[in-house]
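Here is a short report on the links between side chains in one protein. Look over the sequence and the structure first.

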Amino acid sequence: RRSSDLLWRGRNEGAFGTLALAGLLGLVSTSCRGPDLSFDCDVQQAAFGEDAFAEAQLSGFIASGGPYQVVVSLSEEGLNSLLAGGLADDIPFGGDLNTGTLNVRFTPQEPPVVAFESDEGCATCVTYTLDFDVDALSGGGAIASGVGGVVMRVPLRLDKKDASTTSLVADYSEVEILNLDLAIFGFDSEEHTALAGALTIILEERLRVDYGESELFELGGYGLGAGDVELLARELKTFPEEGVMQIGLQTNLPVDEDRGIALDGSTDSEAAIGIKVDVDVFEKMARRMLAEGEIPRLYNEDGNPDPNGNYGATIVSITVRDSEPNRLNTTFRIWRLDYGYCGYAQVAMPVDFAVEESTSPGGLPVSEMVATAGEVEVVSGSGVGAVAARDDELVEKQKGLVDIFKVELADTLAQTLGYSGLDLPGATVRIDSKDVIISNEHVWLGSEFVVFAQP
């Protein structure tokens with residue numbers, strides 16, 4: 001149903017559970033009928049409608065500051081890998097500088113090495129260190145050759161491109177060359193400091209004009225469902241001591257305002273790129289995907305998705321426990337909404353996250369994050385569902401419903417963690433998942449990646 005070229009997949013695994021559940025609501029003897037209003041279909045239909053309406057709601061605004069619902073962490077190594085693959089030929093000090101009487105050609109020996117800068121005056125600056133070959137050209141030919149190196153400071157910032165996309169921009173209009181070494185045709189910058197200083201000013205001006213504001217990569221939205229769930233990058237911070245750059249993102253999901261993730265430089269493991277997602281986001285995303293129909297809401301008597309069906313599903317909660325570092329615990333309701341005997345069964349189901357080795361369509365080995373739905377257990381209920389919770393001999397009439405719902409729910413949770421909105425112009429990024437760590441506050445997915453320049 002959805003693209004599988006991300007590093008995740010949703011899977012259904014395991015037996016149907018002690019009750020196999022949720023046939024749950026189907027065959028309860030009418031002799032059990034009583035005056036209890038919890039069995040009344042009008043009452044249960046109204047309760048179902050209230051739950052379904054609540055799941056459809058989105059916030060009317062997206063918070064502009066922290067704490068954040070999603071945090072993307074890039075290590076220095078990770079940022080260097082991205083830039084090495086994405087910059088291609090568009091590397092500073094790669095090209096010609098015409099001084100009027102002499103043309104100087106710079107050829108980078110390797111992509112620049114980027115480091116996070118500790119500078120109180122520029123909290124988001126990085127330094128570029130680059131070695132290059134240099135040729136002096138005149139009259140159509142080279143008259144001298146040499147080598148050099150440069151260290152320059154460049155501010156980074158986030159720019160909003162459109163309603164759902166933010167760019168990380170290197171602002172070369174504010175570039176500063178910190179050190180320039182050049183040895184060519186008897187000229188050595190260490191010996192001719194005045195001339196080297198003048199050349200530094202010329203080169204700075206050339207960089208500011210030629211590169212201006214250069215986009216390094218984009219951060220898009222989740223892209224799930226109808227696209228109504230927005231995700232915007234709001235803040236950028238660098239942490240030189242930790243060797244990490246972090247970007248805080250907010251959604252329009254109605255998350256708990258008291259929750260969130262701080263930009264503090266912390267990561268749960270060493271990884272080129274890491275994604276932290278607040279636990280509350282998983283529940284709210286699942287609710288929204290259920291409201292949009294990405295996870296089927298209604299089912300027919302045969303357990304198949306049906307917009308006119310008389311069986312339904314709603315989300316109750318998604319939580320974590322300290323003793324289960326790779327598991328989200330989901331609770332949902334399976335409803336019977338007609339046939340004169342209605343109610344719901346409340347069901348508990350674990351979803352386990354892991355990283356598994358597999359093979360890409362091109363035959364390359366990849367590591368991908370998977371989310372696996374476990375066995376289900378009826379824990380309580382109302383009306384017919386209350387009877388189902390006590391009767392472990394119920395026919396598994398709605399087993400098909402539950403099996404479909406399990407897979408789709410696990411799939412949505414995997415997509416929520418497997419954020420894939422990072423886009424590198426002119427390149428393709430293949431991400432290999434490394435580890436998944438779940439805490440009370442957030443879920444962490446650490447990954448490595450390989451960048452392929454597009455032809």
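Numbering the bonded cysteines of the protein in sequence order, what is the pairing? The pairing is 1-4, 2-3. The model is predicted.

## Disulfides

The structure holds two disulfides. One joins Cys41 to Cys342, with an S to S distance of 1.8 Å. Cys41 lies in helix α1, and Cys342 lies in the loop between β17 (327–336) and β18 (343–359), so this pair ties together parts that are 301 residues apart in sequence. The link of Cys41 and Cys342 is right-handed, with 80 degrees about the S-S bond. Cys41 is buried, at a relative accessible area of 12%. Cys342 also counts as buried, at 0% relative accessibility.

Cys122 and Cys125 are both buried.

## Salt bridges across the chain

Side chains of opposite charge can pair when their charged atoms come close. The count here comes to 23 salt bridges. Among them is the pair of Glu55 and Arg297, whose closest N and O atoms are 2.4 Å apart. Glu55 lies in helix α1 (residues 41–55), and Arg297 lies in the loop between α4 (279–292) and β15 (298–299), so the pair ties together parts that are 242 residues apart in sequence. Both Glu55 and Arg297 are buried.

Arg288 and Asp228 also meet in a salt bridge, at 3.3 Å from N to O. Arg288 lies in helix α4 and Asp228 in the loop between β11 (213–219) and β12 (231–239), so this pair ties together parts that are 60 residues apart in sequence. Asp228 counts as partly exposed, at 37% relative accessibility.

## A strand pair and a network

Lys434 and Glu448 meet in a salt bridge of 3.9 Å, N to O. Lys434 is in strand β22 (residues 427–438) and Glu448 in strand β23 (residues 442–453), 14 residues apart. Lys434 is partly exposed, with a relative accessible area of 40%. Glu448 counts as partly exposed, at 31% relative accessibility.

Which residues are linked in a network of salt bridges? They are Arg157, Asp159, Asp171 and Glu213.

Key. Residues are numbered from 1 along each chain as its sequence is written. This is a predicted model: local features need pLDDT of at least 70, side-chain atom pairs count only at pLDDT 80 or more; totals for chains, interfaces and linings use all residues. Side-chain values use heavy atoms; hydrogens and water are left out. A salt bridge is a side-chain nitrogen of Lys or Arg within 4 Å of a carboxyl oxygen of Asp or Glu. Helices (H or I, at least four residues) and strands (E, at least two) are DSSP runs, numbered from the N terminus. Buried means under 20% relative accessible area, exposed over 50%, partly exposed in between (1.4 Å probe, protein chains only). A disulfide is a pair of cysteine sulfur atoms within 2.5 Å.
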